[in-house]
Amino acid sequence: MNDLLEHHAAAVFRFALRMTGDHHAAEDVAQEALLRAWRKRSGLDDTRATRAWLLTIAANVWRDQLRRAKLRRSESLPADGHASREPSPLRTVTARDEASRAVALMDTLPARQREVLYLFSCEGLSLEEIAAVLATNRDAVKANLHLARKRMRSLWSNAKNETIRTNQKRP
Amino acid sequence: MNGDLCQLLDDHLTGTLRREDASRFAEHLLQCEDCRQAVAMQAELDRLLCDGADEQPGAMLLARIERQIRLSRRRRWLVTSSMTAAAVLLVATAAVVWQAGERPEGNVRSVVQQPPVEPQGQIVDSDTPKTGETDVEPPVEPRSPVIVQFASESRVIGKPIPTQSPNVSIVWVYPEYVSHDEQEPTEAPPLP
C-alpha cells in the first residue's frame, strides 16, 4: 500500500486539483480517494490499470462531494454541467514560464474538458479509460477532447499574440 | 485549407484516424499550413501541459493517509475481536442452554450407570453375603451376658422363652422347692 501511495498519490492529487481548482480541496479529495482505494484494494485485479482505477475513485469522490455539498456552480455551461474557471490573479502572476501558463489556460476550460484534456495529455489514458474514469462514454470523451484542444489552441494563440503586443508596446 | 481533410485534424491529434484516412491526412498536412501549425501547436501544448502539471501535494498528505490507514486497521481489529468474542460467548451460551435442555435424559442415564447402593446402616464386608444372595439372618451374639447368682444352696430351674428379636433373651427362672419331707419338687410361681 505504501508503494501505491508513493507512486500514485501525486497523480491523484494533480487530477483532483484539475477537478477542484483548489489546493486544499484537492488534498481532501486525494486523501479520501486513496483511503477508499486502500479499503477496496482487493478489488484491484489488474495492477496495470492501477492509475486509472485510482483516478476513477478520485472522480467519484469529487462527484460525491459535489452532490453532498451542492457545490455545483450556477454558471451555464456545457452539457455536463461543470463550470469553467477564470484564471486567478495569483495564478496569472505566478505563471512565469510557458508551462505554467499553459496549465493556467487549461484550468480555465470547462471542467469536463479540463478533466479529459488532463487525463489524455498528462496521464496518457486512452479514450476508453477516460470514459471509465469519468463515468461517461467514449464519444463524449472524444468530443470533449476535441473541444478542449481547439479551445486551448485558440487561447494559446491569443496569449502569444497578447505577449507579442505587450512586448512591442514596451519602450 | 481543404475543409474535408481539415475535419480530420482532431482525429489525427487523438490518434483515432482510420488507416486510409491517416495516409490521406498525411498528404494533406504537406499542403495545409493551418493544419501543420495546429499540429505543431498542439504538440507544444501537450508537452507544456505535461511539464507544467507537476503540482505536488503537501508533505503531510501521505502522513495523514498513513495515519488514517493505521486507525482504520486498528478499528477493524477491534471490530473483528469484538465480533469473535461475541460469537464465542454466543456459542458458549448456546451450549449451556442445550445442555440444560438435555439434563433429564442425562440424569436417567447416570442413575442407570451407577452401581446399586447398599442399604444405609448395613455393615458391608467381604464375609457378609450380599443382599439377595440368601435369606438366612446371621447369628447374633449377646453383647453382654447376664449373670444371675443365687445362693449356693439354691436350686433353680431356668426356662428360655422364645422372642421375636434375636438380641433379646428371656429366661424364666424357677426356684426349686424342696420339702423337708423330701417331696417331689413342684413348680413355684415365676419370679419377676
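The contact between the chains takes 29 residues from chain A and 24 residues from chain B, two residues being in contact if their C-beta atoms, placed from the backbone, lie within 7 Å. The model is predicted: local features need pLDDT of at least 70, side-chain atom pairs count only at pLDDT 80 or more, and totals for chains, interfaces and linings use all residues. Residues are numbered from 1 along each chain as its sequence is written, while chains are lettered from A in the order in which they are written.

On the side of chain B that touches chain A, helices H2 (9-14), H4 (33-52) and H5 (59-101) each supply at least two residues. Helices (H or I, at least four residues) are DSSP runs, numbered from the N terminus. H4(B) gives the most to this side, with ten residues.

Helix H8 (residues 138-169) of chain A packs against H4(B) at an angle of about 90 degrees, with the axes 10 Å apart. Axes are lines fitted to C-alpha atoms over the stretch in contact, and angles run from 0 to 180 degrees between N-to-C directions. H8(A) is therefore roughly perpendicular to H4(B), a term that covers 65 to 115 degrees.

The residues that make this contact are as follows.

| Helix | Residues in the contact |
|---|---|
| H8(A) | A:Arg149, A:Met152, A:Arg153, A:Trp156 |
| H4(B) | B:Ala38, B:Met41, B:Gln42, B:Leu45 |

The residues of the contact of H8(A) with H4(B) divide into five nonpolar, one polar and two charged. Ala, Val, Leu, Ile, Met, Phe, Trp, Tyr, Cys and Pro count as nonpolar, Asp, Glu, Lys and Arg as charged, and the others, Gly among them, as polar.

Notes:
Angles under 35 degrees count as roughly parallel, over 145 as roughly antiparallel, 65 to 115 as roughly perpendicular and the rest as oblique.
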